[in-house]
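Subject: Structure for you to look at

Hello,

Here is the structure I said I would pass on. My notes on it follow below.

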Amino acid sequence: MARKSGAGGIIVLALVLGVVTALILWSYLRKQAGEEKANWLPVVVAAQDIPARTKILREMIRVERFPKDLIAETIFVKPEDVENRLTKDGIRAKEQIRESALFSEGSSPTMAYKVHDGMRAIAISIDEVRGVGTSIQPGDHVDIIATYHDGRTRQVITKMILQNVLVLFVD
């Protein structure tokens, strides 16, 4: 079998040029990935659906990287800023957690947070004398007694209205 001279040189040259092209392409793609990483920022997102008025625990959240263009305003970047805060509304899984979705730190949530399902809250006007001074605190249980003048019998009547009522707030 006769060989043509120079055929082996062309194959070696093609292999060398292929390797050089692959190295240049690899270097370019690595540089692009580095530039993209610089434009991505960490954001706290919900790891699962979080219902409204729920205390956020560490396992309910995680940190993911997002492109700068897709990051909402007033988001959190550290999980510890979100932990143990209460949600105002429900947060869906993978949703960025925004400041507006949580009750502000140190503020108490609305009364609706304290009223259990199937229950109702009522406001009663009392003063410090009728309300046993300042000794009644949220979480206490009280009895509600009404005293009124019955015009028909012309007597002052006192009746138990409610028993063992949970106190939610005291102004």
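**An exposed isoleucine and its surroundings**

Ile126 has a relative accessible area of 52%, and because the cut-off for exposed is over 50%, Ile126 counts as exposed. Please keep in mind that this is a predicted model. The residue sits in the loop that runs between helix H2 (111-114) and strand S3 (141-150). Together with Ile122, Ile124, Ile161 and Leu162, Ile126 makes a nonpolar surface patch of about 480 Å². In soluble globular proteins, nonpolar side chains tend to be buried together.

**The core**

The largest nonpolar core has 12 residues, among them Val44, Ile50, Met60, Phe76 and Leu102. Leaving aside residues up to four places away in sequence, Met60 touches Val45, Ala46, Ala47, Gln48, Ile50, Thr54 and Lys55.

**The chain as a whole**

There are two helices and four strands, in the order α-β-β-α-β-β from the N terminus. The chain has 171 residues, and 18% of them count as buried. Its accessible surface is about 13500 Å², with 57% of that belonging to carbon and sulfur atoms. Among contacts with a separation of 6 or more, 52% are between residues 24 or more positions apart.

**Confidence**

The mean pLDDT of the chain is 83, and 85% of the residues reach 70 or more. Strand S1 (residues 40-46) has the highest mean among the elements, 92, while H2 has the lowest, 61. Where pLDDT is low, the predicted coordinates should not be read in detail.

Regards

Technical notes. Residues numbered from 1 in each chain as written. Predicted model: local features only at pLDDT ≥ 70, side-chain atom pairs only at ≥ 80, totals over all residues. Heavy atoms only, no water. Patch = residues over 30% accessible without salt bridge, like charges linked within 9 Å, V, L, I, M, F, W, Y side chains within 5 Å. Areas by Shrake-Rupley, 256 points an atom, 1.4 Å probe, with all protein chains shown as cover. Salt bridge = Lys/Arg side-chain N within 4 Å of Asp/Glu carboxyl O. Buried < 20%, exposed > 50% of the residue type's maximum accessible area, 1.4 Å probe, protein only. pLDDT = per-residue confidence, 0-100. Core = buried A, V, L, I, M, F, W, Y, C linked by side-chain atoms within 4.5 Å. Contact = heavy atoms within 4.5 Å.
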